[in-house]
Amino acid sequence: MKAKRRILLQLLTFCLFLLLLAKIHFRNHQEEELLLSDWFNPRRRLDVITTTDWLAPIIWEGTFDRKVLETYFRKQNITVGLAVFAVGSLTDRYLDPFLQSASKFFMPGYRVIFYIMVDKYLQLQEMEHNPLQSFQVLIIGKERWWSNFDLMRMKILSEHIQNHIRYEVDFLFSMNINMVFQSEFGVETLSTSVAQLHPWWYFRKRTILPYERKPTSVAHIPFGLGDFYYAGAIIGGVPFQVLDFAQQYLKGVFLDTENGVNSTYEKYLNKYFFLNKPTKLLSPEYSWDPTFNLPRHVWFVKIAHHPIDTL
């Protein structure tokens, strides 16, 4: 009888120990989890749309608390990738302003890997040394469809994500080369799937947004449907999400080509985000065309997206 009591007492003690461990784990998980309400306050910007119908935040200056985000992401020990394609005459004209400004304003204080896709060997211009930043210059070969720049870059990007990028970074952005960072592009932009609102079409009625209207195209969005119009200048998220878009885009282009239909990169992008809602949207502040008059809604321009040949 005493032996049975001893065994029961040991079992009870062990169960209590497991319960205590579970409580500690749950408390630590709660402390580590970052809630949207911890860092995002849409009521601070009543002059703009700050939340989508599917409850994704739209990041405007004034809506986020970067200190809270910094505290969280520092603990995560993250690495962020930034991919840019520099081919032909674009390289000499736009690459240096892009990299010089990105090295200063893109994710300062975090490990960053710049993936620079080029069609010929190049020597990067000297930049201020930052031990948190590294640069991979990746030479790409010419293909028979080289003239389709967007097709080329999405195919190359998807290959590099599968081969090595997905193992090297926690988040990845792909950006156009004709962009110059003006102020901090920080951790407030990080999420599973990140879309950029178009600086021109954001301020226009939904009924006139330039979606693909040909019913035979994979990119088709019927009249009366659609959420926002997204810009092709920036796409981001975790690597597998960027990869998924690139693969879906390539599939759509090939299917349309087989059927004798043409569309544009940006229209495929908009169809993708119509079907696969982004978890975070960046306001036009993050990709502003400096040839536009600055509206009162745009407080700080994060990136100036210069039209080709204006830099």
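The model is predicted: local features need pLDDT of at least 70, side-chain atom pairs count only at pLDDT 80 or more, and totals for chains, interfaces and linings use all residues. Residues are numbered from 1 along each chain as its sequence is written, and side-chain values use heavy atoms, with hydrogens and water left out.

**Overall make-up**

- The protein chain has 7 helices and 10 strands. These are DSSP runs numbered from the N terminus: helices are H or I with at least four residues, strands E with at least two.
- Of the 311 residues in the protein chain, 48% are buried. Buried means under 20% relative accessible area, exposed over 50%, and partly exposed in between (1.4 Å probe, protein chains only).
- Among contacts between residues at least 6 apart in sequence, 73% join residues at least 24 apart. A contact means heavy atoms within 4.5 Å.
- The protein chain exposes about 16,500 Å², with 56% of it supplied by carbon and sulfur atoms. Accessible areas come from the Shrake-Rupley method with a 1.4 Å probe; for residues, only the protein chains shown count as cover.

**Helix α4**

- Helix α4 covers residues 89-105, and its 17 residues should span 24 Å at 1.5 Å a residue. The expected span is 1.5 Å times one less than the number of residues. The end C-alpha atoms of α4 are 25 Å apart, which agrees.
- α4 bends by about 45 degrees at L95, and P97 follows within four residues. The bend is the angle between axes fitted to the seven residues ending at a residue and the seven starting there.
- The buried residues of α4 include L90, Y94, L95, F98, L99 and F105.

**Salt bridges**

- The whole structure holds 10 salt bridges. Each is a side-chain nitrogen of Lys or Arg within 4 Å of a carboxyl oxygen of Asp or Glu.
- E61 pairs with K302, with the closest N and O atoms 2.3 Å apart. This pair links distant parts of the chain, 241 residues apart: E61 is in the loop between β1 (58-59) and α3 (66-76), K302 in the loop between β9 (280-282) and β10 (303-305). Both E61 and K302 are buried.
- E70 forms a salt bridge with R74, the closest N and O atoms being 3.2 Å apart. Both lie in helix α3, 4 residues apart, about one turn of the helix. E70 is buried at 15% relative accessibility, while R74 is partly exposed at 44%.
- E212 and K214 meet at 3.0 Å, N to O. E212 is buried at 4%; K214 is partly exposed at 35%.
- Salt bridges that share partners join R45, D47 and E285 into one network.

**Surface patch**

- Y121, V137 and I139 form a nonpolar surface patch with about 330 Å² of accessible area together. Patches take residues with over 30% relative accessible area and no salt bridge; like charges are joined within 9 Å, nonpolar side chains (Val, Leu, Ile, Met, Phe, Trp, Tyr) within 5 Å.
- I139 lies in strand β4 and is exposed, at 52% relative accessible area.

**Loop residue T50**

- T50 sits in the loop between α2 (36-39) and β1. T50 is buried at 9% relative accessibility.
- Leaving out residues up to four places away in sequence, T50 touches F40, P42, R45, A56, P57, I58, W60 and T63.
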